Amino acid sequence: MISKFIFNSQYLFEELSPYDKEMLQKVMQVKNYRKNEAIFTEGTIPNGIFFLKEGKVKKYKVDNDGREQIIYIYNAGEFFGYSAILSNDSYGDTTQAIENSAIAFIPKEDFLNILDQSKVFSTLLLKSLSHEFSVMANLMTVLSQRTVRERVALSLLILHKKYRLNDWEDKIYITLSRTDLANMVGTANETLARILHDFREDHLITMEGRKIQLTDLESLIRIANINR
């Protein structure tokens, strides 16, 4: 059931034909972003799309009180920023590197030209966009109906999936900062710290500095109450 809260376009690029990949690679302009550096901000006009080659990027909105609400974390291999181009609108959120990242920029004109030339790329991107909105709607609805403890458990399970590099990986460490995790859950840092402490005391997780490892997935799934 956790899969309905995970949007992953990580393999979209790999599904393209060699010709489509070559077209994209020819127009990609790679830039290195430092941790906490913004890629684009809410309300600005897009002039291209982005492809995350290395690292991780958070997507968030800021409420009227200036608090962040993280709504998605991108992994290497994912495209982002294209919904604003397709809707001919300004960016509806802000993106920021949460670790040092290498990001390729594809200018708007080149992106639209490739969409016209590649039916496969166009179809995959629109399919991913539709799925992304569905996942976001599911996640926002569920988080609004859960207790903080349930939200922490669900967020940890989602991040466990995001930080898993391959199917055979034994030890998966979540390295998201406590502030970012609190913003993802939608709670105060102090409340998050208490719940993480309780989870550790119950042997559901281990913590080493900022690294978190989930050690009892089944119990966390029960706490998250995903089937409710």
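**Cavity, pocket, helix pair**

I classed the lining of the second largest cavity and got 7 nonpolar, 2 polar and no charged residues. Ala, Val, Leu, Ile, Met, Phe, Trp, Tyr, Cys and Pro count as nonpolar, Asp, Glu, Lys and Arg as charged, and the others, Gly among them, as polar. The model is predicted, with local features needing pLDDT of at least 70 and side-chain atom pairs pLDDT 80 or more, while totals for chains, interfaces and linings use all residues. Residues are numbered from 1 along each chain, and side-chain values use heavy atoms, without hydrogens and water.

I noted that this second largest cavity holds about 40 Å³. Its lining includes Gln 69, Leu 139 and Ser 155. On a 1 Å grid over the protein atoms alone, a cavity is a set of points where a 1.4 Å probe fits but cannot get out; a pocket is an open set with protein on both sides within 12 Å along at least five of seven lines; lining residues have an atom within 4 Å of a point. Grid points are joined across faces, edges and corners, and volume is the space filled by probe spheres on them.

I then took the largest pocket, with a volume of about 310 Å³. It has 22 lining residues, and Lys 59, Ser 83, Gly 92, Asp 93 and Phe 133 lie nearest its centre. I sorted the lining into 11 nonpolar, 6 polar and 5 charged residues.

Which residues of H6 make the contact with H7? I found Arg 178, Thr 179, Leu 181 and Ala 182. Contact means heavy atoms within 4.5 Å, and helices are DSSP runs (H or I, at least four residues) numbered from the N terminus.

Terms used. Helix = DSSP H or I, 4+ residues; strand = E, 2+ residues; numbered from the N terminus.
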